[in-house]
Amino acid sequence: MDEPAGLRERKKERTRNLIAQEALRLFRAQGFDEVSVVEVAAAAEVSKATLFRYFPTKEDLVLHRFADHLGEAARVVRARPAGVTPTAALRDHFLAGLAARDPITGLNDHPEVLSFQDLIYRTPSLRIGMRLRYTSEDVDALADALPADPHDPGGTPPVVRHLAAAHLIAVQQELGQENWRTITSGRTADEAYADAVTAAERAYGQLMTGLPYA
């Protein structure tokens with residue numbers, strides 16, 4: 001008798017989670033480049049072919065954790081209150097993340113979070129993979145969500161929206177990485193919070209008023 005669809009999906013999700021957990025355990029212990037996909041599959045007790053059905057690349061074993069945040073900037077812009085600019089909405093969202101110690105802001109000193117961020121930022125292939133895939137998709141999604149410039153009667157060219165989106169996503173990522181550096185230097189998230197807020201307000205403020213390097 002065939003298994004109910006719900007049961008099959010739960011089994012798939014358990015297998016996916018097990019593979020991801022074993023991969024992260026091995027990568028943290030030995031380093032991303034030092035662990036092969038075959039070793040991950042063996043630890044999870046699945047075949048290499050099964051592993052690749054769930055995670056098409058080795059990098060996906062780690063980077064899939066960013067999937068929940070994919071398109072987040074675009075969602076924030078689309079859901080912003082009337083009268084709030086896209087940049088202001090994204091600034092407020094990032095500041096709220098800092099206050100909540102959201103790991104995506106880099107301002108989180110929980111050992112598990114730091115271990116994961118260390119793995120990302122200290123592994124070149126993961127940093128590149130994150131930027132090539134997730135950053136690119138985020139920029140594209142945000143560019144689609146940005147409204148037309150009301151001061152441009154000829155309409156906003158797609159390249160202008162794309163450049164604006166790239167700047168907005170870059171600010172979030174650079175702030176997050178700088179916060180991670182601060183935490184790894186020995187400061188707690190609470191100690192670094194005020195400086196992180198100041199840096200975020202200044203960074204987004206520059207996008208609102210124009211960079212001081214013209």
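## Helices H7 and H9

Helix H7 (residues 111-121) and helix H9 (residues 158-184) have axes that come within 11 Å and cross at roughly 120°. Axes here are lines fitted to C-alpha atoms, for helices over the stretch in contact, with angles from 0 to 180 degrees between N-to-C directions. H7 and H9 are therefore oblique to each other; angles under 35 degrees count as roughly parallel, over 145 as roughly antiparallel, 65 to 115 as roughly perpendicular and the rest as oblique. The crossing of H7 and H9 is left-handed, a term used if the near helix is turned anticlockwise from the far one by less than a right angle.

From H7, Leu114, Gln117, Asp118 and Tyr121 meet Gly176, Gln177, Trp180, Ile183 and Thr184 of H9. Contact means heavy atoms within 4.5 Å. The H7 contact with H9 is made up of four nonpolar, four polar and one charged residues. In this scheme Ala, Val, Leu, Ile, Met, Phe, Trp, Tyr, Cys and Pro count as nonpolar, Asp, Glu, Lys and Arg as charged, and the others, Gly among them, as polar.

## Basis of the model

This is a predicted model, in which local features need pLDDT of at least 70 and side-chain atom pairs count only at pLDDT 80 or more, while totals for chains, interfaces and linings use all residues. Residues are numbered from 1 along each chain as its sequence is written, and side-chain values use heavy atoms, with hydrogens and water left out.

## Helix H6 and its partners

Helix H6 (residues 86-99) has 14 residues and reaches 20 Å from its first C-alpha to its last, close to the 20 Å expected at 1.5 Å a residue. Arg101, which follows H6, has a positive phi near 60°. Buried residues of H6 include Pro86, Leu90, Phe94 and Leu98, where buried means under 20% relative accessible area with a 1.4 Å probe, protein chains only. The buried residues of H6 pack against helix H5 (72-78), helix H8 (124-145), H9 and helix H10 (189-209).

The axes of H6 and H10 cross at roughly 170° and come within 10 Å. H6 and H10 are therefore roughly antiparallel to each other. Among the H6 residues that meet H10 are Arg91, Phe94 and Leu95, and the H10 side includes Tyr193, Glu201 and Met208. By class, the contact of H6 with H10 has 13 nonpolar, one polar and two charged residues.

## The whole chain

The protein chain has 10 helices and zero strands; helices (H or I, at least four residues) and strands (E, at least two) are DSSP runs, numbered from the N terminus. The C-alpha trace spans about 60 × 45 × 30 Å along its principal axes. Of the 214 residues of the chain, 39% count as buried.

How values were computed:
The expected span of a helix is 1.5 Å times one less than its number of residues. Buried means under 20% relative accessible area, exposed over 50%, partly exposed in between (1.4 Å probe, protein chains only).
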